[in-house]
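Colleague: I am new to this structure. Please take one part of it and go through that part closely.

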Amino acid sequence: MTTETNTSKVVLVTGASSGIGEATALRLASEGHRVVLGARRTDRLQAVVEKIRASGGQAGAERLDVTDRDAVRDAVDRIVEEHGRIDVIVNNAGIMPLSRLDALLVDEWGQMIDVNVKGLLHGIAAVLPHFARQGGGHVVTVASIGAHEVYPTSAVYSATKFAAWAITEGLRMEADPSIRATTITPGTVESELAEHISDPGAQSYMRDFRRNLIPADAIARAISFALDQPADVDVNEIIVRPAAQR
């Protein structure tokens, strides 16, 4: 049974209805943090919340589309109103509809930019005023190994994840030291991301690329590690991938 400790934090996890987001919410709640799960699929969110509460953890849910700036701001404001503060945002929401550039799936390029880049910026914009007012906070960005490597079909996706890394690093450089910034960079992980791929060529490529997967909780453990450091320690980036991934 989980119990709240003196180091308990109020944490918003976006994209929390499955995969890394769900695993992160489950782990952080089990460690005594008060977790708010955000995503569009409210039925999936509620199932995770009930699982957390059944284990003695504290959790709530917010229907959240990270591409809607006002909705993200309003959700964060509601969390602060209910809990008195927000300590961490885990910017995890993301999509990965891979394709070759010459497939010209321009709408899918735009969707990736809206979710993976603008969604991250909306989360940062929503929490920064509260972090400044309360004298601290932690922004965690879930990027991808695609931020460091470009594969066939990953040009736009990798660009969005490099942007996510760059934005988070820029925040670290600009913010007061009381506001910490961490980029978590997963390799191939068990998730629904590959289900977003509509291009047949990219689907075939990913089936081979994703032969070696690690569980989403491996990423949740990395996030937990970053949050657990003392206030004067800022874990800037953690790359986590399968030992067999090359």
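Modeller: I will start with Phe162, which counts as partly exposed because its relative accessibility is 44%; buried means under 20% relative accessible area, exposed over 50%, and partly exposed in between, with a 1.4 Å probe and protein chains only. This is a predicted model, in which local features need pLDDT of at least 70 and side-chain atom pairs count only at pLDDT 80 or more, while totals for chains, interfaces and linings use all residues. Residues are numbered from 1 along each chain as its sequence is written, and side-chain values use heavy atoms, leaving out hydrogens and water.

Trp165 is also partly exposed, with a relative accessible area of 26%. Phe162 and Trp165 both lie in helix α5, three residues apart, about one turn of the helix. Helices (H or I, at least four residues) and strands (E, at least two) are DSSP runs, numbered from the N terminus.

The structure holds one aromatic pair. Phe162 and Trp165 form this pair, which is tilted, with 5.6 Å centre to centre and 40° between the planes. Rings of Phe, Tyr and Trp (its six-membered ring) pair if their centres lie within 6.5 Å; planes under 30 degrees apart count as stacked, over 60 as edge-to-face and the rest as tilted.

Other residues of α5 are buried, among them Lys161, Ala164 and Thr168. The buried residues of α5 pack against α4 (106–134), β5 (137–142) and β6, where contact means heavy atoms within 4.5 Å. In strand β6 (residues 179–186) lies Thr182, and Thr168 is one of the residues that Thr182 touches. Thr182 is buried, with a relative accessible area of 0%.

Methods
Lists of a residue's contacts leave out its neighbours within four places in sequence.
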